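Visitor: I am new to reading protein models, and I would like to be guided through this one by a few questions. Could we begin with the terms and then turn to the details?

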Amino acid sequence: MDSHYGGFWRRLSAFSTDKIILAMIGLVMFILGSVAFGLGISPSDLAEEPENFFALGMQVMVIYQAITIFLDMAYFTYFHGTTGQTPGKRLMGLRVVQDTGEALTLGSAFLRWVGYIISFVPFFMGFLWAGADRRKQGWHDKIAGTVVIDLYQVVEVEIPPKNALTNQGNLFT
């Protein structure tokens, strides 16, 4: 594929933008959940059985974490699998494509998200790898067979002279 790859810092900016969007959605969910959680508990319930309150709070946090992980997976899988761009990547002029140049499928986008987990675990090494790789691929890109291309790169196109013969309108093309 003869495209220019998205650089590390722009990719980091796009990813950070997406994580801020997800954090805002998570904050709204947390506030709504806290309000709903607080509606059924009175101060006397807290004084009588604080250990039950703690256990209930832990259950709510586990459920909240599961929902935010699902939201993260759905966000990245949907945007990468349908348009190749999350809102952050769109803002930074980047697109994720298969290393053959074809658009991602939802399956390959999901595999790329699973690769995020693998890239994250050893001190973000899989993400940092994109800064040193020739094709700017992180481990998640290598796992899913994807590359991030820079849509802002100017592509040089040969423009024929004004009077040149072309095959447009030619019956024998």
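Guide: Contact here means that heavy atoms lie within 4.5 Å. Please keep in mind that this is a predicted model.

Visitor: Which residues does Thr146 touch, not counting residues up to four places away in sequence?

Guide: Thr146 belongs to strand 2, which covers residues 146-150. Leaving aside residues up to four places away in sequence, the residues that Thr146 touches are Val96, Val97, Gln98, Asp99, Leu104, Arg112, Gln137, His140 and Asp141.

Visitor: Is Thr146 buried or exposed, and which side chain does its own side chain join in a polar contact?

Guide: A residue counts as buried when its relative accessible area is under 20%, and because Thr146 has a value of 0%, Thr146 is buried. Its side chain takes part in a polar contact of 2.8 Å, and the partner is the side chain of Asp141.

Visitor: Which element gives the most residues to the lining of the largest pocket?

Guide: The largest pocket holds about 680 Å³ of space. Of the 27 residues that line this pocket, the closest to its centre are Phe15, Lys19, Asp72, Tyr116 and Phe127. Two or more lining residues come from each of helix 1, helix 3, helix 5 and helix 6, and the element that gives the most, with 9 residues, is helix 1.

Visitor: Within what arc do the buried residues of helix 6 fall?

Guide: The buried residues of helix 6 are Gly126, Phe127 and Ala130. Seen down the axis of helix 6, these residues line one face of the helix, because they fall within an arc of 110°.

Note on methods: Residues are numbered from 1 along each chain as its sequence is written. This is a predicted model: local features need pLDDT of at least 70, side-chain atom pairs count only at pLDDT 80 or more; totals for chains, interfaces and linings use all residues. Side-chain values use heavy atoms; hydrogens and water are left out. On a 1 Å grid over the protein atoms alone, a cavity is a set of points where a 1.4 Å probe fits but cannot get out, and a pocket is an open set with protein on both sides within 12 Å along at least five of seven lines; lining residues have an atom within 4 Å of a point. Grid points are joined across faces, edges and corners, and a volume is the space filled by probe spheres set on the points. Helices (H or I, at least four residues) and strands (E, at least two) are DSSP runs, numbered from the N terminus. Buried means under 20% relative accessible area, exposed over 50%, partly exposed in between (1.4 Å probe, protein chains only). A polar contact is a pair of N or O atoms within 3.5 Å; within protein, one must be able to donate a hydrogen and the other to accept it, and residues adjacent in sequence count only if both atoms are side-chain atoms. The arc is that of the directions from the helix axis to the C-beta atoms.
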